[in-house]
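Here is a short briefing to read alongside the model. Keep the viewer open and follow the topics one at a time.

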Amino acid sequence: MRFGIHVPKQADLPATARYAADIGCETIQLFSGNPMSWTTGALDARERDAFIAEIETAGIGPVVLHTPYLINLATPDTDLRANSLRGLVAAMVRAHELSVGPVIVHCGNHMGAGTDEGIERAVRMLERVLDQTPPESTVALENGAGKGTQIGLSVDELTRLVAPFPRERVGIVLDTAHLWGFGFDLSEKSMLDGLVADLESGPGLDRVWAIHGNDSSADLGSHRDRHALWAEGRMGRRGLRNIVGCEALSHLPFIFEIPGETPEFDRKRLASMKRLDRRLNGPRN
Ligand SMILES: [Zn+2]
Ligand SMILES: [Zn+2]
């Protein structure tokens with residue numbers, strides 16, 4: 001497994017890459033732009049080149065980009081649909097410019113139209129997105145906890161969302177706090193094994209591209225999304241050990257989304273993850 005964090009933005013992109021390397025990230029997530037806005041902002045060519053060079057020197061990969069929260073792939077609203085299309089296309093173009101990916105986006109909310117209709121809308125939206133983006137750009141759909149009218153909660157729903165598309169362009173990212181909120185108790189090894197088996201027979205394990213490694217302070221199955229640190233969450237060490245020790249997931253990037261309070265905190269927790277990985281899975285290469 002490769003470990004990293006959602007890196008807080010530093011002065012510019014190269015500084016962000018240096019920060020990530022300095023605390024020991026092997027993989028990272030960044031926002032594709034301002035998370036609360038539709039625009040990705042301008043990209044300076046020199047800044048881009050310096051970023052790519054820093055990432056390469058540090059051997060960090062993959063670098064994934066998280067889209068703004070405003071995007072709703074499943075919306076019945078015409079204006080929101082147009083903005084969401086533009087927003088996701090812009091994020092994928094940005095990823096392409098930075099030579100990174102995949103872009104991570106939430107599956108969306110059906111807003112009362114029902115899950116089936118929501119999934120259909122999201123699939124139609126993704127068709128247009130793939131048509132309008134560079135052929136080597138990729139997008140990963142993030143599972144939801146089930147808040148409100150979210151879609152993409154179960155393995156079955158995720159399968160229906162990704163199956164219409166080429167395997168090399170559309171994948172899945174699993175947020176462990178959202179899995180917990182939806183009802184998967186990953187502190188039970190048999191539950192995790194069952195999930196892996198469902199992924200194998202559903203979308204295929206090769207569709208799973210990353211793990212958002214968050215614990216949760218919400219109740220199991222509560223459909224609530226409350227990210228927590230592993231030392232303070234409900235899944236706890238047992239859940240963390242199960243995930244890191246799961247052979248079927250051991251090739252994936254594992255990204256903490258909750259920021260550490262200090263760089264020192266992140267440095268320590270990344271080092272301890274690498275130790276845990278060694279203990280459970282043997283030497284790291
Ligand atoms: Zn997310
Ligand atoms: Zn979440």
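Helix α1 (residues 13-22) packs against helix α2 (residues 45-58) at an angle of about 15°, and their axes are 8 Å apart. Axes here are lines fitted to C-alpha atoms, for helices over the stretch in contact, and angles run from 0 to 180 degrees between N-to-C directions. That angle makes α1 roughly parallel to α2; angles under 35 degrees count as roughly parallel, over 145 as roughly antiparallel, 65 to 115 as roughly perpendicular and the rest as oblique.

This is a predicted model, in which local features need pLDDT of at least 70 and side-chain atom pairs count only at pLDDT 80 or more, while totals for chains, interfaces and linings use all residues. Residues are numbered from 1 along each chain as its sequence is written, and chains are lettered from A and ligands numbered from 1 in the order in which they are written.

**The α1 and α2 pair**

- The crossing of the two helices, α1 and α2, is right-handed; that is the word if the near helix is turned clockwise from the far one by less than a right angle, and left-handed if anticlockwise.
- On the α1 side the contact involves L13, P14, A17, R18 and A21, and these meet E47, A50, F51, E54, I55 and A58 in α2.
- The residues of this contact of α1 with α2 divide into eight nonpolar, no polar and three charged. Ala, Val, Leu, Ile, Met, Phe, Trp, Tyr, Cys and Pro count as nonpolar, Asp, Glu, Lys and Arg as charged, and the others, Gly among them, as polar.
- Two residues are in contact if their C-beta atoms, placed from the backbone, lie within 7 Å.

**The whole chain**

- The protein chain has nine helices and 10 strands, which are DSSP runs numbered from the N terminus (helices: H or I, at least four residues; strands: E, at least two).
- Its radius of gyration is 18 Å, close to the 19 Å that the globule rule gives for 285 residues, so the protein chain is as compact as a globular protein of that length. The radius is taken over C-alpha atoms, and the rule is 2.2 Å times the number of residues to the power 0.38.
- Along the principal axes, the C-alpha atoms of the protein chain fill a box of roughly 50 × 50 × 30 Å.
- Of the 285 residues in the protein chain, 46% are buried (20 or more other C-beta atoms within 10 Å of the residue's own; exposed means 12 or fewer, and partly exposed is in between, with C-beta atoms placed from the backbone).
- Among contacts in the protein chain with a separation of 6 or more, 75% come from residues 24 or more positions apart.

**K147 and H223**

- K147 sits in the loop between β5 (139-142) and α5 (155-162), and counts as partly exposed because it has 16 C-beta neighbours inside 10 Å.
- Leaving aside neighbours within four places in sequence, K147 is in contact with H223, R224 and D225.
- H223 belongs to the loop between β8 (215-216) and β9 (227-228), and its phi is positive, near 65°, in a residue other than glycine.

**Backbone points to check**

- Most residues other than glycine have a negative phi, and most peptide bonds are trans.
- M111, which is not a glycine, has a positive phi of about 60°.
- The peptide bond from G61 to P62 is cis, with omega near -5°.
- Another cis peptide bond joins G101 and P102, with omega about 5°.
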